[in-house]
Amino acid sequence: MNNYFSSFSIAYLGLTISLLFSSSQIWSSDIFKEGDSVSRSTMSAEQLKELEEISKYIDEIEAKIPLKQEEAILIIGDSGEGKSTLLNYLADIPLNGKRNKGSAKLIIDTDKPLNGAELSHGIRSKTSLPSGCQKYWDCPGFLDTRGPVQNIVNAFSIYKLAKGTENLKVLVTVSENTIEGSRASTFLKLISNLGKTFKNTDELTKGLCLVVTKNRELTPDLVKEKLDSILEDEDSENTLNPSQKAIIKYLASSQDEISFFNAPKKEGIISADDKHLILEAIQKIAYLKKPEPSISIPPESQIFITDLVERLNNDILQFISSKFCPEILSYSDTLIREHSGTAKGLRASFKNLSDQLKGISRDSGEFENNLQKILAIITGTLEQKELEKQFSKKISRFEFLKLVKPESLEIKGNTDSWYSDISDSIQDMDVLASAPEKDEQRNFLTLKGLIIGIEDLDEKDIQEKELSEVNVYSLNSLFVDKDIAMPGINLTLISPEWHIVDRRIINLKGKPGDAHQQEKADDGVVSQHPNGKDGLPGLPGYSGGRLYGKGKEFFDLSHLTVDVSGGNGGQGQSGGDGAKGRDGEEGNLVDVQERKEENLFSRKKIKAEKVKDYVEKGVKFFLTFNDKFKEVYKSGTSGEKGGNAGQGGIGGLGGKSGSVFIDSQLPENENPDITQKDGPRGSNGQAGTPGVGGKHGRQYRGVYINEMVAPAVRGYKELDKESGSESTEIIREIGVNTVKGSGLSAVAGGAIAKATTKEVVTNTFSNLKFCKIIIENGVTKLVSEGGQELAKEGTKLVMQETSKNTFKLFTKEAAEQIAQEGGKVIVQDVLKLGIESGKQTISVGVISTGVSMLTGVAGSLAAQAALSPISAWASSGWEEEAAEINDGTEYASGGEDKADLFNEENIQDPPASNPPINQQEKQNSYDQFYIQRKDLPHYNKFVRDIK
């Protein structure tokens, strides 16, 4: 059966090649190498007539018998054995018994036999062609006596039935007379022909069933005895060939199924009893799976084979040139219009078909392979059932002729003669399979070809080269077979046919605004600019592209979406983060208690606020030149406040929209979905994160009331480290020579309020700028900064007897103690200021040695020089003792949050829209390409007019 299909395919392939090539002749003069066969030129008129009949009958047989069928039951037997009657019987045709004219015997007849299976009642068969009904087939007799024509018809019929059936059973029909009578030789000849019909006899016997027709007296046992007798007789004479012997032996065995179709015993309707038994017997036998026929014909019939082969091959050539090649062009057109995939996939289909055609060899020795290749193209690629059927029949006929040809006849096809049409078809497919031409100039890209897809555009390459315009010119079909994004590009698409594959998007939306090089502004820096910087506004979006399209036919254009909107504005830059506050330093209580200079936080002069304060300040000014200051000492610092967050930049403006224009008359429901609007504003930048406050160090604080001797002269200043202020008010340095005649020597004391007494802590008078006290032998000496000696000796204090009832001065011992201790001891009841109402004159008395003191200014300064350190020592002390400060907080406050603020300064306008596409220029470019291609021989079959 495999060989059958191989032969069948080869014939089909030959037929297809015949159609593909338009040569007037497919077979050269050396196609046949003839031995004893007769050529057309030596045939008689009668033989030529018979040749025509054979061709006619073969055509009719091919029309009757299906090319392929799942199962069949083949009825074989000699002419006159009742095959046709059995076929009608099994096909449920009503049969009747009646008397034959001029005879007493009853025969079986019917008024409405199957077409082609009329009943005959003589020894000459009326059956010329096979007849079939349902799955039953009656073939012409194996021993037909009507000559070479019928022999070929009979052989071809059995070949077609056997070759085209997947599952086959065989009913061998012999009449009672053949089994019992003088026709044993006829039976043996039938068995011999049966054995020659199939190559595998062992396989054949499994699907055999013997039906004895016209039976009157035989039983299965009698039939087996008769077969055994024939086998014994013939075997003794050694006249049986192996296949005859195997078949008869099987029929005579117990494995065989024997049934009977009895002769009528009376006139009237033939009952169905025998049919049921026959069907049961058929049911029991096995199917032959793809039986392989082995047909032969007598030598007198072989003289027609050469001419039949030549006629067949001319027919194949005609098939190739008139059906196969035109079908390839038709297939190409249909494939393009119905293709639902990518353009690359479509071109690959044409490339595959081209490769298949190129597989057809010019070598005449590859003739049969070429037939199979053509059949494969018809069945696998073109999928043309009718052409497959036609070509398969031709291959089947070719295989039959090859099977029954004389051994001396060698068939070779001149396949080179086919190649005119084959070459044309190959070039046609190569044109359809070719990728589009690419033309790139400056920043323009143009694709040109027959079949182009959006997939042919390389988005990445277009963007990297920053192309501004893309043109696609197709002379046949454009496939929008891929979503594509080409921001801001001007795109031109011109093609006679547009195919939208699935739902597609052409995205020409403008690019979004560029991102800032820094995603966020600079963060704050500790101790420099702690606040985060504000973010910049987003950059503007770019303009959308433009689409110009032109076409004649559109398929599913409503499935296309085109977006030419402007690009989104860029995102505003995020604000910088505030810096973290610096942590405070840890303090030291002892440093505050010792009033170290580096821990002095502020010094402010105490201002008089009450009468009492004014009196005290006035007295001390005239008597001492002293001033009181409130000094704040601190150790340790607070954490610094966190830096503020920078505000985010506002989003950039969106780009301008592009445009879409398709130059064609489109139904309303076939318009693409177009998105065309200016781009939206970009998103605002985020505000930065405020800096967290620094951690407080452990802090200590004390407030000290410090009366200073001539602070202005000594350069002491008011200060406040928190505010960073420092007083610049400084009194000029006072020396002895600079104060003469100043009027301070005779200062009139005004009305002095009631005296007040205080205990104070001394200041270190050793730091006086313009004088110092030297204690020598218990005598106080005042020496000016200029070196002038004010008093040389004395046993009493300077101010004794100076003003009675005004001062009660300290004792000599106390003064000496003060001097010895450097003014750093606490003196109680040292100075008592007696204050009376009325005017008092301060004057300088005479020391105990009798040496007169300087009068005037010198005397006054001497008095102040003596009193200033005493007053300073006595009036200074802690207002607030040094102690730890703790307000319950561990960290300083964080920076301010600006999450809802956006920086709109310096926002940029979007760039101008792209220039419009010059439609006339694009049309002219397309027309030029059309003119260049439309007259090329393998282009012109596929180039379509767009106008």
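No disulfides turn up in a search of the whole structure, taking a disulfide as a pair of cysteine sulfur atoms within 2.5 Å.

The model is predicted, so local features need pLDDT of at least 70 and side-chain atom pairs count only at pLDDT 80 or more, while totals for chains, interfaces and linings use all residues. Residues are numbered from 1 along each chain as its sequence is written, and side-chain values use heavy atoms, leaving out hydrogens and water.

On to the strands (DSSP E runs of at least two residues; helices are H or I runs of at least four, both numbered from the N terminus). Three of them make an open antiparallel sheet, ordered β4-β3-β10. β4 (106–109) and β10 (268–269) sit at the edges with a single partner strand each, so one side of each has no neighbour in the sheet. β3 (residues 96–99) pairs with β10 over two bridges, where pairing takes at least two DSSP bridges. G97 lies opposite G268 of β10.

As for helices, α12 (residues 305–338) packs against α14 (residues 367–382) at about 35°, axes 12 Å apart; axes are lines fitted to C-alpha atoms over the stretch in contact, with angles from 0 to 180 degrees between N-to-C directions. Contact (heavy atoms within 4.5 Å) involves residues including F319 and F324 of α12 and L371 and I374 of α14.
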